[in-house]
Amino acid sequence: MAPKKIVLRFGADISGNPVIYRLVKDYDLMVNIVKANVNPQKEGTLVLELTGEKYDQGLEFLRRQGVSVQALTREVVRNGDRCTMCGACTAICPTGALFIERPGMEVRFDGDNCVVCQLCVKACPVRAMEVRL
Amino acid sequence: MSAEKTYAEINERIKAGKAVVLTAEELIDLVNEKGLTEASRQVDVVTTGTFAPMCSSGAFLNFGHSAPRMRMSRVWLNNVPAYAGIAAVDAYIGATEVPEDDPLNNNYPGEFRYGGGHVIEDLVAGRPVRLKALSYGTDCYPRREIETTITLNDINDAFLFNPRNAYQNYNCAVNTTDRTIYTYMGTLKPRLGNAHYSTSGQLSPLLKDPHFKTTGIGTRIFLGGGVGYVAWHGTQHFPAIQTDAQGRELGANGGTLAVIGDLKQMSPRWLMGTSYLGYGATLSVGIGIPIPVLNEEIARYAAASDAELYAPVVDYGTTYPERQPGNLGFVSYAQLKSGKITVNGREVPTAPLSSYPRAREIAATLKQWIGTGKFLLTEPVQLLPSPADGLSGKPLNG
Ligand code: SF4
Ligand code: SF4
């Protein structure tokens, strides 16, 4: 079975729990961590590749723990013509992929750090962050 | 001795191509280098800028008359209602109006993807806009219905008239509750997860003229990429000088402007339809105001830096919605722009909603307009109420 890529997001209350260990131990899943990030507010983002029979039960378990689970099938890009460099996305982006360069206060987008959580897509007031299939 | 200048003298120098025009950022550097007295003697005009969502915005439109004639009593533009309770084919499209079938916050948090601000952006960009109107029919205006397409060029008049813009200063918004909230200050994460602020600080027009010494009725300004004017003080214009518990002055707060200008000369780069998740639709507006350096006092205010200008930190999870007084302290724009502030002993990441790079671009554009002699300064017909007038907001009982 081909591995499936998913994005997990969890709050500070869960950052300390050994959820990955439980996926392996209780659900017999093979886990490959593609990207991992815990920001200063202790909010975590993980991009995983998962393989195994109990894939659906594993995701169900994660959701029960309060983890948000999303399929990673897309890419988020910035429409440079539309972006005003306001910065409204920068405290929303959990991984720092959208960040302000000081002292000029220009907003930069580093796609390598983007985990496609899509929080910026709705938070951007001028809809400059776009989902590509 | 400090040099005094008049509007007429400054305009003569502008016409002769000899005026010294600096952006507010450049003035700060010059004052640091040469001192206030020398800087105020050298500089004729200081330019400012701000580009941010300004909800109290909209445009008056006149569509021209159809045959047979129609007294439009209800009007929609791209499905967004416009106010038509004025003369036959006039209407006002407000920035925050949304289509009647918008799910609003029933689908919380609502997306508000298209509203009056987006209609204004579409018009300014020259894109065709669907006009639909209904009427009851009169002897002189018999037609009852029309559906057609207009563009900004096709219609007789279109002028932006924004009753409350260019807020002098604004709250730094935080959220102390346990849930994410969706506000006009953006998405605020629980437990002081982030802090949003929305002025351009040391470039912000009214922060540089705290006592309204030069900005008044008739002041010519950069508005939406074109030339506009200050029409009046804005609604809720309650200018004051902030002080901390020790009585130290922390910059101005509370002033607003009503502004007007010809939409036909403006640009979609400086009037952008904007959506706040869970809050509503609005319009981002670019405004730049020139400050004539008439004397040293005006130069001193215009040279205030981010370290001297402060915003109150306000909890949008508790006190703000309940209209309770008080704040969680003041933070300087230098702190806000550093990326973190301390609130209730906690480090909180900050983010702006107002674009500093765009504010800088506006100040530079206005500087260039004045430098090339195509933009002259106007002396206000009348000055606006200042902190000395002691205006304050009235509560609404009900
Ligand atoms: S919120 Fe949108 S417009 Fe503002 S900096 Fe981010 S991507 Fe650009
Ligand atoms: S989708 Fe947007 S918010 Fe999420 S990581 Fe990528 S840039 Fe940041």
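Modeller: Start with chain A: 8 residues of domain 1 are in contact with 9 residues of domain 2. This is a predicted model.

Biologist: What are the bounds of domain 1 and domain 2 of chain A?

Modeller: Domain 1 covers 4–71 and domain 2 covers 75–132. Their C-alpha centres lie 24 Å apart.

Biologist: Why is T45(A) called buried?

Modeller: Its relative accessibility is 1%. Buried means under 20%, so T45(A) counts as buried. T45(A) belongs to strand β3 of chain A, residues 44–51. Leaving out residues up to four places away in sequence, T45(A) touches V7(A), L8(A), F10(A) and V115(A), among others.

Biologist: Why is D28(A) called exposed?

Modeller: The relative accessible area of D28(A) is 63%. The cut-off for exposed is over 50%, so D28(A) is exposed. D28(A) sits in the loop between α1 (19–27) and β2 (30–38) of chain A. Its phi is positive, about 60 degrees, although D28(A) is not a glycine.

Biologist: And what makes N344(B) exposed?

Modeller: N344(B) has 54% relative accessibility. Exposed means over 50%, so N344(B) counts as exposed. Phi of N344(B) is also positive, near 50 degrees, in a residue other than glycine. Its place is the loop between β26 (340–343) and β27 (346–352) of chain B.

Biologist: How many aromatic pairs are there over all chains?

Modeller: A search of the whole structure finds 16.

Biologist: Why is the pair of Y108(B) and Y182(B) called edge-to-face?

Modeller: The ring centres of Y108(B) and Y182(B) are 5.4 Å apart, with planes at 85 degrees. Rings pair within 6.5 Å, and planes over 60 degrees apart count as edge-to-face. So the pair of Y108(B) and Y182(B) is edge-to-face. Y108(B) lies in the loop between β7 (90–94) and α4 (116–124) of chain B, and Y182(B) in strand β12, so the pair ties together parts 74 residues apart in sequence.

Biologist: Why is Y108(B) called partly exposed?

Modeller: Y108(B) has 45% relative accessibility.

Biologist: What makes Y184(B) and Y316(B) edge-to-face?

Modeller: Their ring centres are 5.6 Å apart and their planes stand at 75 degrees. Edge-to-face needs over 60, so the pair of Y184(B) and Y316(B) is edge-to-face. Y184(B) and Y316(B) are 132 residues apart, and the pair links distant parts of the chain. Y316(B) counts as buried, at 5% relative accessibility. Ring pairs link Y184(B) and Y316(B) into a cluster with Y167(B), Y170(B), Y279(B) and Y320(B).

Biologist: How do you know that K337(B) lies over the face of Y356(B)?

Modeller: K337(B) is 3.5 Å from the ring centre. The distance limit is within 6 Å, and the charge must also be within 35 degrees of the ring normal. K337(B) is listed as lying over the face of Y356(B). K132(B) lies over the face of W76(B), at 4.8 Å from the ring centre.

Biologist: Which classes make up the shell around ligand 1?

Modeller: It has 10 nonpolar, 2 polar and no charged residues. The residues around ligand 1 include C83(A), C86(A), C89(A) and C124(A).

Methods
Residues numbered from 1 in each chain as written. Chains lettered and ligands numbered in written order. Predicted model: local features only at pLDDT ≥ 70, side-chain atom pairs only at ≥ 80, totals over all residues. Heavy atoms only, no water. Helix = DSSP H or I, 4+ residues; strand = E, 2+ residues; numbered from the N terminus. Buried < 20%, exposed > 50% of the residue type's maximum accessible area, 1.4 Å probe, protein only. Contact = heavy atoms within 4.5 Å. Near = heavy atom within 4 Å. Nonpolar A, V, L, I, M, F, W, Y, C, P; charged D, E, K, R; others polar. Phe/Tyr/Trp six-rings, centres within 6.5 Å; stacked < 30°, edge-to-face > 60°. Domains from an automatic or database assignment.
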